[in-house]
Amino acid sequence: MESKKSSLHVLLVSFPAQGHINPLLRLAKCLASKGLLVTFSTTETIGNMMKEATNTKSSNIGQGELRFEFFSEGWEIDEPQRANLDAWMNQLRNVGRESFTELINRQSEMGRPVSCIINNPFVPWATDVAAELGIPCAVLWVQSCAVYSIYYHFQHQLATFPKPDQRDMTLDLPSLPSLEFDDIPDFLTLNPYDSLRKVILSQFKNLDKAFCVLVDSFEELERETIEVMSRISAPIKPVGPLFRSTKDASVRGDIWKAADDCIQWLDSQSPNSVVYISFGSVVSLSKEQLEELSAGLLNSGAPFLWVVKTPPADMGSKPELPDGFKEEAEGKGMVVEWCSQEQVLAHSAVSCFLTHCGWNSSMECLTSGVPVIAFPQWGDQNTNAKLLIDAYGVGIRMKKTPREKDGAAVVTRDEVERCIFEVTKGSEAEAIKKNALKWKEAAEAAVADGGSSYRNIELFVDDIQRMASNEPVSNDQISS
């Protein structure tokens with residue numbers, strides 16, 4: 001069986017964004033550790049940034065090998081049309097698809113034909129390419145099973161969703177808590193990014209071409225939702241938390257170089273004292289919100305580590321911290337461009353995580369035993385915040401206050417200070433920490449030998465082996 005596994009070649013293709021690369025690369029490392037040849041692919045533009053920031057050389061992992069090969073979307077990094085999201089998504093779908101097909105054909109020419117393709121939701125055309133070439137395909141859903149259920153019900157018109165003028169209406173779906181308007185992914189309500197909405201929903205149109213859906217979650221966390229969706233859609237295999245499944249930290253997919261001195265600074269802080277703040281690779285706060293957040297952090301008196309990422313040129317202007325903030329914060333906190341978030345959240349000095357609630361960040365803090373201060377911005381972050389606070393009980397959600405001049409909402413400095421106190425020292429702090437540690441233990445059990453996610457990875461590899469041997473794979477085998 002081991003020699004057969006070594007002949008398997010799995011190709012993973014990621015949408016070119018940090019939040020998509022991370023879980024897919026973690027899955028790639030996990031599969032390589034099982035003895036497979038694994039190729040990780042995304043666009044050349046992002047691939048070059050990865051090469052500059054981290055290690056993308058071929059590596060032996062366990063009994064297998066992980067290699068990198070990138071495809072072209074036909075535009076230089078300074079192409080002005082990148083600022084037009086619709087134009088860029090069309091370019092990726094058309095030119096990127098053609099280049100990706102050539103990449104697959106090259107593998108056969110070099111004696112390593114692809115046995116299985118795994119893509120994530122924002123590159124649904126990869127599923128079509130796999131079907132056209134007769135290659136088995138699976139999907140890694142990089143958001144929660146809950147969000148998968150929401151999108152699925154919307155796409156197949158299985159529930160009535162509120163419109164912008166129906167904000168008092170709730171959404172009630174099987175196995176999920178009742179969702180208010182602001183808890184629903186705003187791609188489906190306010191629709192701020194139409195091209196992203198179209199591409200993510202298009203995945204559900206061809207899911208029947210995938211033999212299963214892998215999810216970066218774990219059975220104990222979303223058991224009921226997994227059971228419900230596995231009955232009405234493609235079979236679902238939770239295989240997460242993937243960042244806990246992959247022991248090899250030498251191979252990373254960072255687009256930006258992580259600060260080297262974060263951990264050293266954390267080592268100098270008292271246990272359970274540091275507020276960690278990060279809003280991922282895309283979210284950019286307004287100048288006023290940065291001012292309020294900065295003041296709230298200083299007023300709290302807690303030491304802090306804050307990731308302030310400069311967004312790509314086509315995603316908005318550079319965020320500017322208030323004048324004098326870094327000088328005033330000296331000796332109280334640390335501001336960095338990027339960091340190794342998994343290492344930070346695992347550090348004993350960290351007391352809580354002020355987060356935008358992207359699913360990667362949600363899984364990492366939820367399964368690291370770190371309490372949450374939720375500050376969602378858009379997309380699935382709204383739903384994740386609802387789950388973290390109301391379903392999993394691991395934190396509190398910051399409340400926005402409408403401004404008198406224009407009605408726009410902002411989280412005030414007083415609210416920032418209040419939330420830091422409540423989640424670390426308030427009346428509910430002990431219960432929140434207890435819940436966080438409970439989910440950490442459950443996550444560790446899921447990825448340990450014999451755990452639910454560990455078994456699903458093993459079954460998935462067996463499925464690939466059967467298909468490579470032209471043996472049928474039954475639904476019972478897939479969803480075992």
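**Reading the chain**

Guide: Of the 480 residues in the chain, 58% are buried, where buried means under 20% relative accessible area, exposed over 50% and partly exposed in between, with a 1.4 Å probe and protein chains only. This is a predicted model, in which local features need pLDDT of at least 70, side-chain atom pairs count only at pLDDT 80 or more, and totals for chains, interfaces and linings use all residues. Residues are numbered from 1 along each chain as its sequence is written, and side-chain values use heavy atoms, with hydrogens and water left out.

Visitor: How many helices and strands does the chain have?

Guide: The chain has 19 helices and 16 strands. These are DSSP runs numbered from the N terminus: helices are H or I with at least four residues, and strands are E with at least two.

Visitor: Why is it called as compact as a globular protein of that length?

Guide: The radius of gyration is 22 Å, close to the 23 Å that the globule rule gives for 480 residues, so the chain is as compact as a globular protein of that length. The radius is taken over C-alpha atoms, and the rule is 2.2 Å times the number of residues to the power 0.38.

Visitor: And what does the C-alpha trace span along its principal axes?

Guide: The trace spans about 65 × 50 × 50 Å.

Visitor: New topic: which strands pair with S4?

Guide: Strand S2 (residues 37–41) pairs with S4 in the parallel sense over four bridges, and strand S3 (residues 59–61) pairs with S4 in the antiparallel sense over three bridges. Two strands pair if DSSP finds at least two bridges between them.

Visitor: Which residues in S4 are the bridge partners of Leu37 and Ile61?

Guide: Glu65 is the partner of Leu37, and Gly64 is the partner of Ile61.

Visitor: Is S4 itself mostly covered or mostly uncovered?

Guide: Strand S4 (residues 64–68) is mostly covered, with four of its five residues buried.

Visitor: What about the hairpin of S3 and S4?

Guide: The hairpin has two residues between the strands, and Gly62 takes a positive phi near 60° there.

Visitor: Where is Thr43, and is it buried or exposed?

Guide: Thr43 lies in the loop between S2 and helix H3 (44–53). Thr43 is buried, with a relative accessible area of 0%.

Visitor: Which residues is Thr43 in contact with?

Guide: Leaving aside neighbours within four places in sequence, Thr43 is in contact with Pro16, Phe70, Phe71, Glu73 and Leu92. Contact means heavy atoms within 4.5 Å.
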